[in-house]
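The sequence and structure come next, followed by the notes.

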Amino acid sequence: MTLAKGSTDRTLLDKTFRVSLILKGLDGLLELVGGILLLLVSPAQIGAWVRLLTQHELSEDPHDLVATTLVHWAGTMTVSATLFGAIYLLLHGAVKVVLVWAVLKDKMWAYPWMIAFLMAFILYQSYELLVAFSWGLALLTAFDIFIVWLTWREYRAHRTRNANTPAGNAARQA
């Protein structure tokens, strides 16, 4: 009975791991799209779009926090800030997509890289939380910590399985 429960837990955790990785991969794809858009769209165009999208809300509530924040943010964008944002999103998104793909394909080298990559961002996000707390960033950080734990767990399981195969034993003896 314990074995059945353990295998059910394993299957549930495996599914959770795959779904979490796919979500991270989709996030990476969205970052790539965002980075490309930032390269193609000028700060003035972004400002015009934000004003167009928020004008109705601001006409009803001139103090709407989200709308006023977006308008302020769009008004302070510069070409250099847009370029930095584009490069950041493109690099971050590309690394995320490649690592997620490699982990989903069971490439053993990708597991430690995924863990290291996420740990670096967890540290950065933790710093940002200390400077200016945000529930969105707190939830993202918690999600990243969860993915690190799942990735570490899967990596250990794969290493154990590989060590118990004839190819793994031959590699250790060589």
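Angles under 35 degrees count as roughly parallel, over 145 as roughly antiparallel, 65 to 115 as roughly perpendicular, and the rest as oblique. The model is predicted, with local features needing pLDDT of at least 70 and side-chain atom pairs pLDDT 80 or more, while totals for chains, interfaces and linings use all residues. Residues are numbered from 1 along each chain as its sequence is written, and side-chain values use heavy atoms, without hydrogens and water.

**Helix packing**

- Helices (H or I, at least four residues) are DSSP runs numbered from the N terminus.
- Axes are lines fitted to C-alpha atoms over the stretch in contact, and angles run from 0 to 180 degrees between N-to-C directions.
- Helix α2 (residues 43–60) packs on helix α3 (residues 65–75) at an angle of about 165 degrees, with the axes 9 Å apart; α2 and α3 are therefore roughly antiparallel.
- The α2 and α3 crossing is left-handed, that is, the near helix is turned anticlockwise from the far one by less than a right angle.
- In the contact (heavy atoms within 4.5 Å), α2 contributes Pro43, Ile46, Gly47, Val50, Thr54, Glu57 and Leu58, and α3 contributes Ala67, Thr68, Leu70, Val71, Trp73 and Ala74.
- Nine residues of the contact of α2 with α3 are nonpolar, three polar and one charged; Ala, Val, Leu, Ile, Met, Phe, Trp, Tyr, Cys and Pro count as nonpolar, Asp, Glu, Lys and Arg as charged, and the others, Gly among them, as polar.
- For α5 and α6 the angle is about 160 degrees and the axes are 9 Å apart, so α5 and α6 are also roughly antiparallel.
- α5 passes α6 in a left-handed crossing, and the residues of their contact divide into 16 nonpolar, five polar and three charged.

**Pockets**

- A pocket is an open set of points on a 1 Å grid over the protein atoms alone where a 1.4 Å probe fits, with protein on both sides within 12 Å along at least five of seven lines; lining residues have an atom within 4 Å of a point.
- Leu38, Trp73, Thr76, Met77, Ala81, Thr82, Phe84 and Gly85 line the largest pocket; helix α4 (residues 79–104) gives the largest share, four residues.
- The lining of the largest pocket has five nonpolar, three polar and no charged residues.
- The second largest pocket has a volume of about 170 Å³; of its 15 lining residues, Tyr88, His92, Phe121, Gln125 and Leu140 are closest to its centre.
- α1 (2–40), α4, α5 (110–131) and α6 (135–163) each supply at least two residues of the second largest pocket's lining, and α5 has the largest share, six residues.
- Seven nonpolar, two polar and six charged residues make up the lining of the second largest pocket.

Technical notes:
Points joined across faces, edges and corners; volume = space filled by probe spheres on them.
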